[in-house]
Amino acid sequence: MRITRRQTLALAGAAPIAAPALVQAQARTISLWHVFNLETEAYMREGVRDWNAQNPNQRIEERIIPFAQYRTELVRAIATGDVPDLCVIDNPDTPSFAAQNQLTDLTQRVATSERIRASVYHTGPWSTAQWRGRTFAVPRDSNTIALYINHEMFRAAGLDPARPPGTWPDLFAAARRLTSADGRVSGLMFSARAAEDATFQWLPFLWQAGGDIDRLDGPEALDALRFWVECVTSGVSSRDVLTVSQSEGVNRLISGNAAMAISGPWDTPRVSQQARFEWSVAQLPVRGEGREIHASGLGGWNWAIPQGTRNADAAWRLIEHMSRPEHMAQSWRSGRLPPRTDVPVENPVYAQAFRAYSEQILTARPRGPHPRWPDISRPIQTAIQSALTGQAPPDVALRMAATAIRPILQQTPLRG
Amino acid sequence: MPSPARTRTRFTDSDALLPTLVAGALIFIIVFIGYPVAYNLAMSFQEVTLGNIRDFARPFVGLENYQALVADPLFWPVLRNTAIFVITNVVLQVLLGLGLAMFFLQDFPGAAWMRGMILAGWILPPLVIAAVFKWLFASNGGLINEALMGAGLTAQPVNFLSDTATAMATVTFTNVWFGTPFAMILLSAGLANLPRDVFEAAQIDGAGTLTRFTRITVPLLMPTLLAVTCLCTIYTLRAFDVIWGMTGGGPANTTNVLPVWSFQLSFQQFNFAQGAVIATMMFALVILVALLYIRSIRSELRA
């Protein structure tokens with residue numbers, strides 16, 4: 001039978017359309033979306049490799065999305081119905097997705113699981129994965145923020161790096177001595193940019209002052225914001241805190257443009273490789289003057305199985321696989337702390353930072369959990385920026401934020 | 001040459017060609033532009049959550065989203081910021097573009113090379129431009145402040161991006177840097193198409209440079225100027241990347257413009273309906289400007 005040119009063209013056109021369906025039928029894959037750079041994140045890389053070796057009929061198909069675009073991509077996936085089988089979710093966002101029924105309810109699976117049990121997880125991370133008494137996610141890693149300090153600059157200013165500032169007044173005084181007259185070196189860098197960074201970095205100060213999000217118009221919140229305002233107006237913190245991210249603040253520490261920087265362990269590998277001076281991580285100072293509350297922010301990622309995937313069982317087994325202590329112990333190699341109590345990290349790299357962050361995380365508090373966290377965070381960011389730029393006095397700025405947040409908390413109380 | 005005896009003409013010569021091409025373009029526009037616009041419009045009248053975002057039939061809430069948006073304390077400031085940002089950008093880009101185009105009309109050594117270098121600014125991805133300029137404008141350690149202080153022009157660094165008074169000017173400057181090459185290229189093409197003999201006649205009659213410019217160049221160039229102004233307006237109304245990369249809409253919402261706010265509402269606060277309201281408003285604005293553009297082209301074609 002002679003095949004005409006038109007029939008050949010038709011076949012050529014049909015083949016690429018039919019091929020993927022054939023491939024799909026043969027090898028079942030688990031689609032996994034995350035934000036981790038496989039070159040540096042040993043936990044992810046080796047955990048996935050291990051799974052693929054043991055489960056050749058259910059290989060993991062990874063999609064790595066940059067952090068800044070991640071939530072947008074997830075929302076888009078939900079809108080188009082094309083969700084992955086397993087994904088990670090930033091811990092403050094988890095209640096938002098859970099409350100809108102976009103995550104598979106894992107309560108039953110947790111009840112029958114040997115490896116995933118509430119008692120084994122630190123309470124902070126575990127609480128971010130719950131909504132109305134049911135479990136919608138499993139914590140993957142945790143982080144918090146503390147104070148990176150440059151030992152050379154400390155000694156040059158007559159300060160002892162082995163005794164870092166322990167109270168806010170000490171911190172301010174030290175930063176003053178560390179700030180150079182020409183402004184080239186800032187004593188203290190933090191992040192107050194128009195993004196979640198600002199809220200994440202300021203909340204520890206709010207909590208240390210004895211305040212909380214439902215009392216932003218109270219004296220404690222004013223105290224905490226006034227401290228930041230003073231750091232900026234006095235020049236010990238560069239005005240660039242209003243535009244830099246937490247990691248960019250650490251860049252300034254590394255390049256010698258800042259003596260102290262507040263950030264988390266995700267920056268530790270970079271500091272270790274690039275800093276040409278002796279450095280260490282210190283606990284965040286307490287308020288002092290009668291208040292000795294230790295507090296910091298709790299960050300980290302949770303595993304979640306989006307609603308609408310047909311591979312939930314395989315995804316759950318993958319979560320259990322990745323939650324094995326021998327895998328989780330690898331996460332510190334890229335500066336991520338395990339959220340479980342049964343994961344010993346033998347001979348950790350960046351040993352001093354590990355000890356410091358492991359201690360700080362014991363007093364780290366989660367943001368919320370609240371399903372409308374972004375609507376709470378935005379007014380706080382605006383208040384911080386308004387006060388730091390001098391656009392409004394701190395009490396006015398905080399009152400505006402409190403007014404914006406009050407109806408949200410009335411509808412759904414914090415930790416509700 | 002096809003012989004007269006052939007009964008089938010080639011498709012590309014037949015009467016069916018024009019309607020087919022038009023139909024193809026229409027289908028493309030309806031699917032890729034009309035459908036999203038209609039979808040957005042529908043969303044702006046509905047209550048939209050992550051739970052029902054997949055469905056088309058969501059609860060109808062009438063003008064509630066519009067009212068809520070207008071009542072939002074950010075509404076008028078964002079609208080004002082957008083107006084300032086767009087008007088300043090368009091005026092500066094067109095004027096600078098025209099100036100540069102006139103400048104490069106003259107043939108001097110290196111003209112072509114310089115023009116190519118200017119165009120490089122437009123080819124760069126806007127987020128890259130935002131990142132670089134954010135670093136250049138940094139209060140401590142930024143190159144621009146170092147230069148200003150080194151030249152003795154200011155004693156203290158200027159807080160370009162972290163002062164509510166200067167942030168908008170700074171992102172405007174960056175966006176103008178980014179968009180002017182586009183205006184320059186279009187106006188260069190327009191200038192190149194002006195008839196030489198009119199200028200020569202005017203010169204013989206004794207008209208000076210300024211008179212030639214105001215009485216001949218500008219009127220003849222008017223259709224192109226209108227077109228460039230409309231295009232600049234449309235592009236600037238949509239401008240998101242430069243502002244997002246430099247300030248994220250801050251500090252304290254002083255550089256928050258409509259597209260940035262829409263993004264924040266939809267993708268950060270899960271308030272898709274209000275994000276759709278902003279998108280619909282922007283669409284209406286852009287349609288108005290686009291209609292002006294079409295009219296200006298039509299007069300150019302006729303001329």
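What pattern does chain B follow when read along the sequence? I went through chain B and got α-α-α-α-α-α-α-α-α-α-α-α. My tally for chain B is twelve helices and zero strands. Helices here are DSSP runs of H or I with at least four residues, strands are runs of E with at least two, and both are numbered from the N terminus.

**Ground rules**

I am working with a predicted model, in which local features need pLDDT of at least 70 and side-chain atom pairs count only at pLDDT 80 or more, while totals for chains, interfaces and linings use all residues. Residues are numbered from 1 along each chain as its sequence is written, and chains are lettered from A and ligands numbered from 1 in the order in which they are written.

**Confidence**

I looked up pLDDT, the predictor's confidence in each residue, from 0 to 100. Chain A has a mean of 92, with 93% of its residues at 70 or more. Residues 23-27 of chain A have a pLDDT below 50, and beyond near neighbours in sequence I find two contacts for this stretch. Where pLDDT is low, the predicted coordinates should not be read in detail. For chain B the mean is 89, and 96% of its residues reach 70 or more. For the complex, the predictor gives an ipTM of 0.85 and a pTM of 0.88.

**Chain B, overall shape**

I compared the radius of gyration of chain B, 25 Å, with the value near 19 Å that a compact globule of 303 residues would have. The radius is taken over C-alpha atoms, and the globule rule is 2.2 Å times the number of residues to the power 0.38. Along its principal axes, the C-alpha trace of chain B spans about 70 × 65 × 30 Å.

I also noted that 33% of the 303 residues of chain B count as buried. Buried means that 20 or more other C-beta atoms lie within 10 Å of the residue's own, exposed means 12 or fewer, and partly exposed is in between, with C-beta atoms placed from the backbone. Of the chain B contacts with a separation of 6 or more, 71% join residues 24 or more positions apart. A contact is two residues whose C-beta atoms, placed from the backbone, lie within 7 Å.

Nonpolar covers Ala, Val, Leu, Ile, Met, Phe, Trp, Tyr, Cys and Pro, charged covers Asp, Glu, Lys and Arg, and polar takes the others, Gly among them.

**Two domains in chain A**

The assignment gives domain 1 (29-143 + 299-357) and domain 2 (146-297 + 370-411) in chain A; such bounds come from an automatic or database domain assignment. Their centres, taken over C-alpha atoms, are separated by 29 Å. I find 16 residues of domain 1 in contact with 17 residues of domain 2. On the domain 1 side, α4 and α15 (351-360) of chain A give two or more residues. α15(A) has the largest share, four residues. That side divides into eight nonpolar, seven polar and one charged.

Next I looked at α15(A), where A:A353, A:A356, A:Y357 and A:Q360 are buried. They sit on the same side of α15(A) because they cover an arc of only 90 degrees around the axis, an arc of the directions from the helix axis to the C-beta atoms. The elements that the buried residues of α15(A) pack against are β7 (146-150), α12 (268-274), β10 (279-282), β11 (296-297) and β13 (364-365) of chain A.

Most residues other than glycine have a negative phi, and most peptide bonds are trans. I listed these exceptions.

- The peptide bond from A:G368 to A:P369 is cis, with omega near 0 degrees; A:P369 is in the loop between β13 and α16 of chain A.
- B:G250 and B:P251 are joined by a cis peptide bond, with omega about -10 degrees; B:P251 is in the loop between α10 (241-246) and α11 (258-268) of chain B.
- A:N347 has a positive phi of about 45 degrees and lies in the loop between α14 (325-328) and α15 of chain A.
- B:N253 has a positive phi near 65 degrees and is in the loop between α10 and α11 of chain B.

Is each Asn buried or exposed? A:N347 is exposed, with 6 other C-beta atoms within 10 Å, whereas B:N253 is buried, with 26.
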